[in-house]
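User: Hi! I'd like to learn how to read helix packing and nonpolar cores in a protein model. Could you walk me through it?

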Amino acid sequence: MIALNWFPTAIALGGILLSVEGFSTHIRLPLRSLNVQQIPKQSPIAFDAIVRDTRHLSESIGLLASTSATLFGRQSSTSTITKTKTMSKVAAFFTKMGMVSFIVSMCLALPVVLLPQALLHRLGLISRVKQQQLALSSGQICARWLLRLIPFCNVTVKSIKFDSNDQRNVQNSTQEPQPSIWVCNHASALDVFILLAKDLELRGEGKRPLKIVYWKGLEENPITKLLFQQCGFIPVEMAANAAGEANDYDMKSFRNLLKMTKQAFEEGFDIGILPEGQLNPDPEKGLLPCFSGAFTLAKMSKRPIQMMALHGTHRLWHAREDIGMTVTGRDVAVQIYHHPVSVDGEASVGSGGRRYDSSDEFLATFQAVVGEFATTGKDLDDDDLRAWLDGSKWRSLKEENSEGKQPAEGVETIASSNDTL
(Lines give C-alpha, C1' and ligand atoms only; values in the text may rest on other atoms or scores of the structure.)
Protein backbone atom coordinates (compact mmCIF):
# COMPACT_ATOMS: atom_id res chain seq x y z
CA MET A 1 0.00 0.00 0.00
CA ILE A 2 2.83 2.39 0.85
CA ALA A 3 4.45 1.81 -2.52
CA LEU A 4 1.13 2.42 -4.28
CA ASN A 5 0.63 5.67 -2.36
CA TRP A 6 3.98 6.96 -3.59
CA PHE A 7 3.21 6.12 -7.23
CA PRO A 8 0.98 9.17 -7.94
CA THR A 9 3.60 11.39 -6.30
CA ALA A 10 6.27 10.08 -8.66
CA ILE A 11 3.98 10.73 -11.63
CA ALA A 12 3.38 14.29 -10.42
CA LEU A 13 7.12 14.96 -10.08
CA GLY A 14 7.63 13.64 -13.59
CA GLY A 15 5.04 16.09 -14.88
CA ILE A 16 6.80 18.97 -13.16
CA LEU A 17 10.12 18.04 -14.66
CA LEU A 18 8.68 17.72 -18.14
CA SER A 19 7.78 21.41 -17.97
CA VAL A 20 11.23 22.68 -17.06
CA GLU A 21 11.70 24.34 -20.43
CA GLY A 22 9.76 27.29 -19.06
CA PHE A 23 11.93 27.15 -15.95
CA SER A 24 15.12 27.26 -18.02
CA THR A 25 14.22 30.61 -19.58
CA HIS A 26 14.09 32.15 -16.11
CA ILE A 27 17.35 30.86 -14.69
CA ARG A 28 19.74 32.27 -17.28
CA LEU A 29 23.19 32.89 -15.88
CA PRO A 30 24.96 34.49 -18.80
CA LEU A 31 28.29 35.98 -18.00
CA ARG A 32 28.99 39.31 -19.55
CA SER A 33 32.28 40.93 -19.37
CA LEU A 34 34.22 44.01 -19.01
CA ASN A 35 36.16 45.08 -22.02
CA VAL A 36 36.80 47.93 -24.11
CA GLN A 37 37.74 47.23 -27.61
CA GLN A 38 36.04 44.49 -29.52
CA ILE A 39 37.89 42.74 -32.32
CA PRO A 40 35.83 42.71 -35.55
CA LYS A 41 33.70 39.60 -35.85
CA GLN A 42 35.40 38.45 -39.04
CA SER A 43 38.76 38.41 -37.28
CA PRO A 44 39.81 35.02 -35.86
CA ILE A 45 41.57 36.86 -33.05
CA ALA A 46 38.58 37.63 -30.88
CA PHE A 47 37.48 36.98 -27.30
CA ASP A 48 36.99 38.32 -23.73
CA ALA A 49 33.95 38.08 -21.37
CA ILE A 50 32.53 38.19 -17.84
CA VAL A 51 29.19 37.65 -16.32
CA ARG A 52 25.95 37.93 -18.28
CA ASP A 53 22.17 37.62 -17.98
CA THR A 54 20.13 35.83 -15.30
CA ARG A 55 16.35 35.96 -15.34
CA HIS A 56 14.19 35.27 -12.26
CA LEU A 57 15.58 32.09 -10.87
CA SER A 58 13.50 32.36 -7.73
CA GLU A 59 10.20 31.47 -9.43
CA SER A 60 10.69 27.74 -9.11
CA ILE A 61 10.33 26.16 -5.68
CA GLY A 62 11.05 22.76 -4.25
CA LEU A 63 13.97 20.50 -3.62
CA LEU A 64 14.04 17.62 -6.09
CA ALA A 65 16.38 15.08 -4.55
CA SER A 66 18.34 12.41 -6.33
CA THR A 67 20.34 9.72 -4.63
CA SER A 68 21.89 7.60 -7.35
CA ALA A 69 24.21 8.45 -10.22
CA THR A 70 22.76 5.55 -12.18
CA LEU A 71 19.46 7.42 -12.54
CA PHE A 72 21.07 9.88 -14.91
CA GLY A 73 22.30 7.34 -17.43
CA ARG A 74 25.76 6.86 -18.90
CA GLN A 75 27.16 8.30 -22.06
CA SER A 76 30.31 7.21 -23.81
CA SER A 77 32.97 9.95 -23.69
CA THR A 78 34.26 11.31 -26.97
CA SER A 79 36.41 14.31 -27.65
CA THR A 80 34.40 16.24 -30.20
CA ILE A 81 30.85 17.45 -30.43
CA THR A 82 30.28 15.94 -33.86
CA LYS A 83 31.38 12.47 -32.77
CA THR A 84 29.46 12.35 -29.48
CA LYS A 85 26.64 9.81 -29.56
CA THR A 86 23.12 11.04 -29.01
CA MET A 87 21.69 10.22 -25.60
CA SER A 88 18.56 8.16 -25.28
CA LYS A 89 15.41 10.03 -24.32
CA VAL A 90 15.30 8.25 -20.97
CA ALA A 91 18.91 9.16 -20.12
CA ALA A 92 18.36 12.76 -21.28
CA PHE A 93 15.21 13.03 -19.13
CA PHE A 94 16.90 11.82 -15.95
CA THR A 95 19.94 13.99 -16.64
CA LYS A 96 17.68 17.02 -16.99
CA MET A 97 15.88 16.01 -13.79
CA GLY A 98 19.18 15.86 -11.94
CA MET A 99 20.35 19.20 -13.36
CA VAL A 100 17.14 20.97 -12.31
CA SER A 101 17.40 19.33 -8.89
CA PHE A 102 20.96 20.60 -8.54
CA ILE A 103 20.07 24.17 -9.57
CA VAL A 104 17.03 24.40 -7.32
CA SER A 105 19.03 22.92 -4.44
CA MET A 106 21.72 25.56 -4.93
CA CYS A 107 19.06 28.29 -4.84
CA LEU A 108 17.70 26.95 -1.57
CA ALA A 109 21.08 26.23 0.04
CA LEU A 110 22.98 29.42 -0.78
CA PRO A 111 20.95 31.78 1.45
CA VAL A 112 21.42 29.36 4.34
CA VAL A 113 25.18 28.86 3.97
CA LEU A 114 25.90 32.55 3.34
CA LEU A 115 23.93 33.86 6.32
CA PRO A 116 26.43 33.09 9.16
CA GLN A 117 29.30 35.07 7.58
CA ALA A 118 27.02 38.02 6.88
CA LEU A 119 25.83 38.08 10.51
CA LEU A 120 29.37 37.79 11.89
CA HIS A 121 30.50 40.70 9.71
CA ARG A 122 27.49 42.82 10.65
CA LEU A 123 28.26 42.20 14.34
CA GLY A 124 31.85 43.30 13.79
CA LEU A 125 33.31 39.90 14.67
CA ILE A 126 35.06 39.37 11.31
CA SER A 127 36.43 41.79 8.71
CA ARG A 128 34.89 42.43 5.31
CA VAL A 129 37.72 40.55 3.58
CA LYS A 130 37.30 37.52 5.85
CA GLN A 131 33.56 37.56 5.29
CA GLN A 132 34.06 37.56 1.49
CA GLN A 133 36.59 34.74 1.67
CA LEU A 134 34.27 32.63 3.83
CA ALA A 135 31.30 33.37 1.59
CA LEU A 136 33.16 32.26 -1.53
CA SER A 137 34.45 29.15 0.22
CA SER A 138 30.94 28.31 1.43
CA GLY A 139 29.53 28.69 -2.07
CA GLN A 140 32.19 26.37 -3.46
CA ILE A 141 31.60 23.75 -0.76
CA CYS A 142 27.86 23.94 -1.38
CA ALA A 143 28.27 23.44 -5.14
CA ARG A 144 30.88 20.69 -4.68
CA TRP A 145 28.78 18.58 -2.31
CA LEU A 146 25.52 19.06 -4.19
CA LEU A 147 27.26 17.89 -7.37
CA ARG A 148 28.39 14.78 -5.48
CA LEU A 149 24.88 14.15 -4.16
CA ILE A 150 23.23 14.91 -7.51
CA PRO A 151 25.79 13.75 -10.11
CA PHE A 152 23.89 14.82 -13.21
CA CYS A 153 27.11 15.20 -15.23
CA ASN A 154 30.58 13.70 -15.50
CA VAL A 155 33.20 16.40 -14.97
CA THR A 156 36.85 15.82 -15.93
CA VAL A 157 39.40 18.23 -14.46
CA LYS A 158 42.94 18.62 -15.82
CA SER A 159 45.92 20.88 -15.30
CA ILE A 160 48.20 21.04 -18.35
CA LYS A 161 51.93 21.57 -17.82
CA PHE A 162 55.10 20.97 -19.81
CA ASP A 163 58.14 19.49 -18.08
CA SER A 164 61.79 20.34 -18.73
CA ASN A 165 61.90 17.84 -21.62
CA ASP A 166 59.03 19.53 -23.46
CA GLN A 167 56.72 16.69 -22.48
CA ARG A 168 53.15 17.54 -21.61
CA ASN A 169 51.98 16.53 -18.15
CA VAL A 170 48.38 16.27 -16.99
CA GLN A 171 48.13 16.66 -13.24
CA ASN A 172 46.42 18.57 -10.49
CA SER A 173 47.83 21.97 -9.62
CA THR A 174 49.99 21.98 -6.47
CA GLN A 175 52.18 24.96 -7.31
CA GLU A 176 52.39 28.01 -5.07
CA PRO A 177 49.85 30.47 -6.53
CA GLN A 178 50.80 33.92 -7.77
CA PRO A 179 48.33 36.82 -8.08
CA SER A 180 46.74 36.37 -11.50
CA ILE A 181 43.91 37.26 -13.83
CA TRP A 182 42.00 34.17 -14.94
CA VAL A 183 40.21 33.94 -18.29
CA CYS A 184 37.79 31.30 -19.58
CA ASN A 185 35.28 30.72 -22.36
CA HIS A 186 31.55 30.91 -21.57
CA ALA A 187 29.00 28.63 -23.24
CA SER A 188 26.33 27.84 -20.65
CA ALA A 189 24.56 29.11 -17.56
CA LEU A 190 26.00 26.02 -15.85
CA ASP A 191 29.58 27.32 -16.20
CA VAL A 192 29.42 29.24 -12.92
CA PHE A 193 28.17 26.21 -10.98
CA ILE A 194 30.78 23.87 -12.50
CA LEU A 195 33.64 26.28 -11.79
CA LEU A 196 32.44 26.78 -8.20
CA ALA A 197 32.18 23.03 -7.65
CA LYS A 198 35.54 22.18 -9.22
CA ASP A 199 37.68 25.17 -8.20
CA LEU A 200 39.52 23.27 -5.46
CA GLU A 201 40.36 20.39 -7.77
CA LEU A 202 41.17 22.69 -10.66
CA ARG A 203 43.38 25.36 -9.08
CA GLY A 204 44.64 23.54 -5.96
CA GLU A 205 44.30 23.90 -2.20
CA GLY A 206 46.58 26.91 -1.83
CA LYS A 207 44.86 28.97 -4.50
CA ARG A 208 43.90 32.60 -4.00
CA PRO A 209 40.12 33.13 -3.87
CA LEU A 210 38.67 34.36 -7.15
CA LYS A 211 36.55 37.50 -7.62
CA ILE A 212 34.50 37.54 -10.81
CA VAL A 213 33.73 40.64 -12.86
CA TYR A 214 30.01 40.47 -13.61
CA TRP A 215 27.17 42.40 -15.25
CA LYS A 216 25.35 44.59 -12.73
CA GLY A 217 22.00 43.51 -14.19
CA LEU A 218 22.44 40.06 -12.63
CA GLU A 219 21.54 41.62 -9.31
CA GLU A 220 17.91 41.68 -10.41
CA ASN A 221 17.88 38.06 -9.35
CA PRO A 222 17.94 37.77 -5.52
CA ILE A 223 20.02 34.58 -5.46
CA THR A 224 22.79 35.82 -7.73
CA LYS A 225 22.72 39.21 -6.02
CA LEU A 226 23.23 37.52 -2.64
CA LEU A 227 26.07 35.30 -3.87
CA PHE A 228 27.92 37.96 -5.87
CA GLN A 229 27.66 40.69 -3.25
CA GLN A 230 28.59 38.42 -0.33
CA CYS A 231 31.64 37.16 -2.24
CA GLY A 232 32.68 40.70 -3.18
CA PHE A 233 32.46 40.13 -6.93
CA ILE A 234 33.03 43.20 -9.11
CA PRO A 235 30.08 44.66 -11.08
CA VAL A 236 30.20 46.39 -14.46
CA GLU A 237 27.30 48.39 -15.91
CA MET A 238 26.03 47.27 -19.31
CA ALA A 239 22.80 47.51 -21.29
CA ALA A 240 20.74 44.31 -21.34
CA ASN A 241 21.04 42.24 -24.51
CA ALA A 242 20.50 38.72 -25.80
CA ALA A 243 23.22 36.11 -26.29
CA GLY A 244 25.25 36.94 -29.38
CA GLU A 245 24.26 40.63 -29.51
CA ALA A 246 26.84 43.39 -29.16
CA ASN A 247 27.62 44.55 -25.62
CA ASP A 248 27.00 48.19 -24.72
CA TYR A 249 29.10 49.03 -21.64
CA ASP A 250 28.87 52.06 -19.39
CA MET A 251 32.44 53.31 -19.64
CA LYS A 252 32.07 55.30 -16.40
CA SER A 253 31.92 52.06 -14.40
CA PHE A 254 35.44 51.07 -15.47
CA ARG A 255 37.04 53.53 -13.06
CA ASN A 256 35.36 51.67 -10.22
CA LEU A 257 36.42 48.38 -11.80
CA LEU A 258 40.09 49.41 -11.79
CA LYS A 259 39.86 50.57 -8.18
CA MET A 260 38.18 47.35 -7.02
CA THR A 261 40.62 45.19 -9.00
CA LYS A 262 43.61 46.84 -7.36
CA GLN A 263 42.01 46.45 -3.94
CA ALA A 264 41.19 42.78 -4.61
CA PHE A 265 44.82 41.98 -5.43
CA GLU A 266 46.01 43.76 -2.29
CA GLU A 267 43.54 41.78 -0.18
CA GLY A 268 44.68 38.40 -1.53
CA PHE A 269 42.15 37.74 -4.29
CA ASP A 270 42.55 36.88 -7.97
CA ILE A 271 40.34 38.31 -10.73
CA GLY A 272 38.19 36.24 -13.12
CA ILE A 273 37.10 37.45 -16.56
CA LEU A 274 35.27 35.67 -19.40
CA PRO A 275 36.70 37.32 -22.53
CA GLU A 276 33.74 36.60 -24.83
CA GLY A 277 31.71 39.14 -22.83
CA GLN A 278 28.51 37.08 -22.77
CA LEU A 279 27.06 33.61 -23.26
CA ASN A 280 28.06 32.08 -26.58
CA PRO A 281 24.88 31.13 -28.51
CA ASP A 282 26.81 28.92 -30.94
CA PRO A 283 29.74 27.30 -29.05
CA GLU A 284 29.84 24.48 -31.61
CA LYS A 285 31.06 27.01 -34.21
CA GLY A 286 33.84 28.58 -32.14
CA LEU A 287 34.30 31.44 -29.70
CA LEU A 288 32.56 34.80 -29.95
CA PRO A 289 34.54 37.91 -30.84
CA CYS A 290 36.42 38.91 -27.70
CA PHE A 291 37.45 42.01 -25.84
CA SER A 292 40.90 43.01 -24.64
CA GLY A 293 39.85 43.93 -21.09
CA ALA A 294 41.71 41.08 -19.39
CA PHE A 295 44.96 42.19 -21.04
CA THR A 296 44.29 45.81 -20.07
CA LEU A 297 43.75 44.87 -16.42
CA ALA A 298 46.80 42.61 -16.45
CA LYS A 299 48.97 45.36 -17.93
CA MET A 300 47.76 48.03 -15.51
CA SER A 301 48.04 45.77 -12.45
CA LYS A 302 51.28 44.11 -13.66
CA ARG A 303 49.80 40.66 -13.13
CA PRO A 304 50.04 37.57 -15.37
CA ILE A 305 47.09 36.00 -17.19
CA GLN A 306 46.17 32.34 -16.70
CA MET A 307 43.88 30.49 -19.05
CA MET A 308 41.24 27.86 -18.39
CA ALA A 309 38.78 26.20 -20.79
CA LEU A 310 35.36 24.55 -20.49
CA HIS A 311 33.79 22.07 -22.87
CA GLY A 312 30.44 20.26 -22.82
CA THR A 313 28.25 22.41 -20.57
CA HIS A 314 26.24 23.64 -23.57
CA ARG A 315 25.10 20.07 -24.20
CA LEU A 316 23.35 20.19 -20.84
CA TRP A 317 22.03 23.76 -20.89
CA HIS A 318 22.41 25.67 -24.15
CA ALA A 319 22.61 29.46 -24.31
CA ARG A 320 20.00 29.64 -27.08
CA GLU A 321 16.47 29.83 -25.71
CA ASP A 322 15.09 27.62 -28.49
CA ILE A 323 17.42 24.84 -27.28
CA GLY A 324 17.70 25.57 -23.56
CA MET A 325 17.70 22.43 -21.42
CA THR A 326 17.48 20.01 -24.33
CA VAL A 327 20.09 17.59 -23.00
CA THR A 328 22.33 15.92 -25.60
CA GLY A 329 25.27 14.88 -23.39
CA ARG A 330 26.52 14.81 -19.81
CA ASP A 331 30.30 14.79 -20.18
CA VAL A 332 31.97 18.07 -19.16
CA ALA A 333 35.69 18.90 -19.18
CA VAL A 334 37.48 21.83 -17.58
CA GLN A 335 41.21 22.46 -17.54
CA ILE A 336 43.84 25.09 -16.90
CA TYR A 337 47.02 25.79 -18.85
CA HIS A 338 50.37 26.50 -17.21
CA HIS A 339 52.50 28.63 -19.49
CA PRO A 340 56.01 27.23 -20.06
CA VAL A 341 58.91 29.58 -19.34
CA SER A 342 62.47 29.53 -20.58
CA VAL A 343 65.53 30.15 -18.42
CA ASP A 344 68.79 30.75 -20.31
CA GLY A 345 67.34 29.07 -23.36
CA GLU A 346 66.32 25.95 -21.48
CA ALA A 347 62.68 24.98 -21.07
CA SER A 348 61.46 24.71 -17.51
CA VAL A 349 58.32 23.55 -15.79
CA GLY A 350 55.28 25.73 -16.51
CA SER A 351 54.96 28.40 -13.86
CA GLY A 352 51.32 29.39 -14.32
CA GLY A 353 50.40 32.67 -15.98
CA ARG A 354 52.17 34.83 -18.51
CA ARG A 355 52.48 38.55 -19.17
CA TYR A 356 51.62 39.32 -22.78
CA ASP A 357 53.29 42.04 -24.81
CA SER A 358 50.11 43.14 -26.56
CA SER A 359 46.37 42.60 -26.57
CA ASP A 360 46.69 41.05 -30.04
CA GLU A 361 49.01 38.38 -28.69
CA PHE A 362 46.69 37.62 -25.76
CA LEU A 363 43.58 37.41 -27.96
CA ALA A 364 45.29 35.22 -30.56
CA THR A 365 46.59 32.86 -27.86
CA PHE A 366 43.21 32.69 -26.17
CA GLN A 367 41.54 31.88 -29.48
CA ALA A 368 44.05 29.22 -30.41
CA VAL A 369 44.36 27.47 -27.04
CA VAL A 370 41.01 27.94 -25.30
CA GLY A 371 39.04 28.21 -28.54
CA GLU A 372 40.25 24.83 -29.80
CA PHE A 373 39.37 22.98 -26.60
CA ALA A 374 36.09 24.83 -26.04
CA THR A 375 34.87 24.04 -29.54
CA THR A 376 36.11 20.48 -30.10
CA GLY A 377 36.95 19.11 -26.65
CA LYS A 378 40.50 18.49 -27.91
CA ASP A 379 43.73 20.39 -27.32
CA LEU A 380 46.11 21.45 -30.03
CA ASP A 381 48.93 18.98 -30.65
CA ASP A 382 51.71 19.28 -28.08
CA ASP A 383 54.11 21.26 -30.28
CA ASP A 384 51.51 23.88 -31.22
CA LEU A 385 50.11 24.06 -27.71
CA ARG A 386 53.50 24.70 -26.15
CA ALA A 387 54.41 27.18 -28.90
CA TRP A 388 51.28 29.22 -28.23
CA LEU A 389 51.70 29.10 -24.47
CA ASP A 390 55.36 30.16 -24.44
CA GLY A 391 54.84 32.87 -27.09
CA SER A 392 57.06 31.42 -29.80
CA LYS A 393 54.10 30.77 -32.13
CA TRP A 394 53.01 34.41 -31.94
CA ARG A 395 56.54 35.64 -32.62
CA SER A 396 56.83 33.45 -35.70
CA LEU A 397 53.44 34.68 -36.98
CA LYS A 398 54.54 38.29 -36.53
CA GLU A 399 57.72 37.59 -38.48
CA GLU A 400 55.74 35.96 -41.29
CA ASN A 401 53.37 38.91 -41.35
CA SER A 402 56.19 41.47 -41.44
CA GLU A 403 57.82 39.58 -44.31
CA GLY A 404 54.56 39.60 -46.26
CA LYS A 405 54.05 35.85 -46.06
CA GLN A 406 50.63 34.22 -45.93
CA PRO A 407 49.57 33.91 -42.26
CA ALA A 408 49.32 30.41 -40.84
CA GLU A 409 45.98 28.60 -40.94
CA GLY A 410 43.62 29.87 -38.24
CA VAL A 411 45.25 33.30 -38.03
CA GLU A 412 44.14 35.39 -40.99
CA THR A 413 45.06 38.82 -39.67
CA ILE A 414 46.85 40.50 -36.83
CA ALA A 415 44.40 43.12 -35.66
CA SER A 416 45.60 46.38 -34.24
CA SER A 417 44.12 47.37 -30.87
CA ASN A 418 44.15 50.00 -28.17
CA ASP A 419 45.67 48.70 -24.94
CA THR A 420 43.96 51.20 -22.67
CA LEU A 421 40.49 51.22 -21.17
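Predicted model: local features only at pLDDT ≥ 70, side-chain atom pairs only at ≥ 80, totals over all residues.

User: Are α10 and α11 roughly parallel or roughly perpendicular to each other?

Analyst: In general, two packed helices are described by the angle between their axes and the distance between the axes. Here, helix α10 (residues 382-390) packs on helix α11 (residues 392-402) at about 85 degrees, the axes being 4 Å apart. An angle from 65 to 115 degrees counts as roughly perpendicular, and α10 and α11 are therefore roughly perpendicular to each other. On the α10 side, the contact is made by Asp384, Ala387, Trp388 and Asp390; α11 brings Ser392, Lys393, Trp394, Arg395 and Leu397. By type, that contact has four nonpolar, one polar and four charged residues.

User: At roughly what angle do the axes of α3 and α4 cross?

Analyst: The axes of α3 (residues 89-122) and α4 (residues 128-149) cross at roughly 155 degrees and come within 9 Å. Angles over 145 degrees count as roughly antiparallel, so that is how α3 and α4 run relative to each other. The crossing of α3 past α4 is right-handed. Among the residues making the contact are Phe102 and Met106 of α3 and Ala143 and Leu146 of α4. The whole set divides into 13 nonpolar, six polar and one charged.

User: Which residues touch the most other members of the largest nonpolar core?

Analyst: Met99, Phe102 and Ile103 do, in a core of 53 residues. The largest share, 11 residues, comes from α3.

Terms used: Residues numbered from 1 in each chain as written. Heavy atoms only, no water. Axes fitted to C-alpha atoms, helices over the stretch in contact; angles between N-to-C directions. Helix = DSSP H or I, 4+ residues; strand = E, 2+ residues; numbered from the N terminus. Parallel < 35°, antiparallel > 145°, perpendicular 65-115°, else oblique. Left-handed = near helix turned anticlockwise from the far one by under 90°. Contact = heavy atoms within 4.5 Å. Nonpolar A, V, L, I, M, F, W, Y, C, P; charged D, E, K, R; others polar. Core = buried A, V, L, I, M, F, W, Y, C linked by side-chain atoms within 4.5 Å. Buried < 20%, exposed > 50% of the residue type's maximum accessible area, 1.4 Å probe, protein only.
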